[in-house]
Amino acid sequence: MKIEMIQEAKEVLEGVINKTPIIDASLIHNNLWVKAENLQKTGAFKLRGAYYKLSKLTKEERSCGVVAASAGNHAQGVAYACRDMGIKGTIVMPATAPLSKIEATRSYGVNVELVGDTFNDAYEYAKELVCRTGAVFIEPFDDDEVMAGQGTIGLEILEKMPDVETVLVPIGGGGLASGIAFAIKSLKPSVKVIGVQAKHAPSMKVSIAENKITEAEVNTMADGIAVKKPGTKTFEICRDYLDDVVLVGDKEISATILMLLEKMKLLAEGAGATAVAAAVFHKYPIDQKKTVAVLSGGNIDVNYLAQIIDLGLVKTGRRFSVCFHLTDKPGNLKRVIDTLSEVGANIITIEHDRLSNEVLKHQCSVSIVIETMNQQHKESLIERLVKDGYEVEISKGELIATDIDE
């Protein structure tokens, strides 16, 4: 890959893509800006690489049609380009892909086949399909032209913010990070480019650490970057051009999605929020450095969003459950409710149990899901419970308060 290829991709994409804004994110972290690719056509950065790749196909290749494998965003990018260029396309997606991404891909007029449970299952089937049909396979990340298309984000960052010091980029297979790192390091080597992976999908970090392509287990809510191993080309570029790769956990990603939604009115999917999460949860020091985090996509299933918001509320101390073990006598439940009311905690659900086999004689169990303002408010509630005579412990993430003042 050469910088001239990325510059050519920028020209090809002129008028096709949205030049997404770089938005001040000081509401969630000092010296942080967000490159909002969630506002891109198709809702993610993938349109850039897919469109540039298809634009380079010969007339004969276009007549054969194309096949792609994707968990969702590459699928929509290829599908959009197929519709725009009049190319017949088949997209293979894992059956576990979010329904919103599957339907969005179909809406562009391509054939969609659902195969397997992971991206890798879909990828292997797509390669077999190419052998049977003679169609052209459009790599999701391990392709020079795809990487060049994604690299146009790097050009836009330098163009709009020439004094940037650090760029945080999500990594799945590595196409986005490769393109951006190559573009930025070619034009301004002093800028630090940091890759960010989900803690439970760390294939690029492991591969760079071992200096060879290494497969890793994937089990993360960030489906867009749940890739078992990087590509050959993306591995080499990431190894040579990235300054570091850091990891973020699913709870941190969930909390970041909630933060972006509440404070910046930006909707991010799991993969899209990882780079911002790395800044918010201090995975890489940026306090004194002008930093841009690439918010790579916002194609999140609405049904799944509710679960993610719940995780985010738990992570930030704004929602948690308390199980009270109380002596079964009139007035004890009221005493609990009065305490919660006095400290300003809001009860979401409450369940009173005095009949199950797990409840001791003359006792009752009261399970309450509570809403608080933040972690500090949660801690003040715990202090109040201890002061009021409850023995407090945490078991498997649940707060247990036992009445010992009897």
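Contact here means heavy atoms within 4.5 Å. Helices (H or I, at least four residues) and strands (E, at least two) are DSSP runs, numbered from the N terminus. The model is predicted: local features need pLDDT of at least 70, side-chain atom pairs count only at pLDDT 80 or more, and totals for chains, interfaces and linings use all residues. Residues are numbered from 1 along each chain as its sequence is written, and side-chain values use heavy atoms, with hydrogens and water left out.

Helix α11 contributes Lys 251, Glu 252, Ser 254, Ala 255, Ile 257, Leu 258 and Leu 261 to its contact with α13. Their partners in α13 are Leu 305, Ile 308, Ile 309, Leu 311, Gly 312, Leu 313 and Lys 315. These residues divide into nine nonpolar, two polar and three charged. Ala, Val, Leu, Ile, Met, Phe, Trp, Tyr, Cys and Pro count as nonpolar, Asp, Glu, Lys and Arg as charged, and the others, Gly among them, as polar. The two axes come within 7 Å and cross at roughly 100°. α11 is therefore roughly perpendicular to α13 (a term for angles of 65 to 115 degrees). Axes are lines fitted to C-alpha atoms, for helices over the stretch in contact, and angles run from 0 to 180 degrees between N-to-C directions.

Asn 73, Ala 75, Gln 76 and Ala 79 of α4 meet Lys 101, Ala 104 and Thr 105 of α5. Three nonpolar, three polar and one charged residue make up this contact.

A nonpolar core is a set of buried Ala, Val, Leu, Ile, Met, Phe, Trp, Tyr and Cys residues joined through side-chain atoms within 4.5 Å. Buried means under 20% relative accessible area, exposed over 50%, partly exposed in between (1.4 Å probe, protein chains only). The largest core holds 36 residues; Ile 28, Leu 32, Ile 253, Leu 260 and Val 276 touch the most other members. Elements that each supply at least two residues include β2 (32–36), α11 (250–264), α12 (270–280) and α13 (302–315). The largest share, eight residues, comes from α12. A second, separate core of 27 residues includes Leu 54, Cys 82, Tyr 108 and Val 110.

Two loop residues follow. Asn 31 is not a glycine, yet has a positive phi of about 60°. Asn 31 lies between β1 (22–24) and β2, and counts as partly exposed at 31% relative accessibility. His 282 has a positive phi near 55°. The loop between α12 and β10 holds His 282, which counts as exposed at 58%.

Conventions:
Angles under 35 degrees count as roughly parallel, over 145 as roughly antiparallel, 65 to 115 as roughly perpendicular and the rest as oblique.
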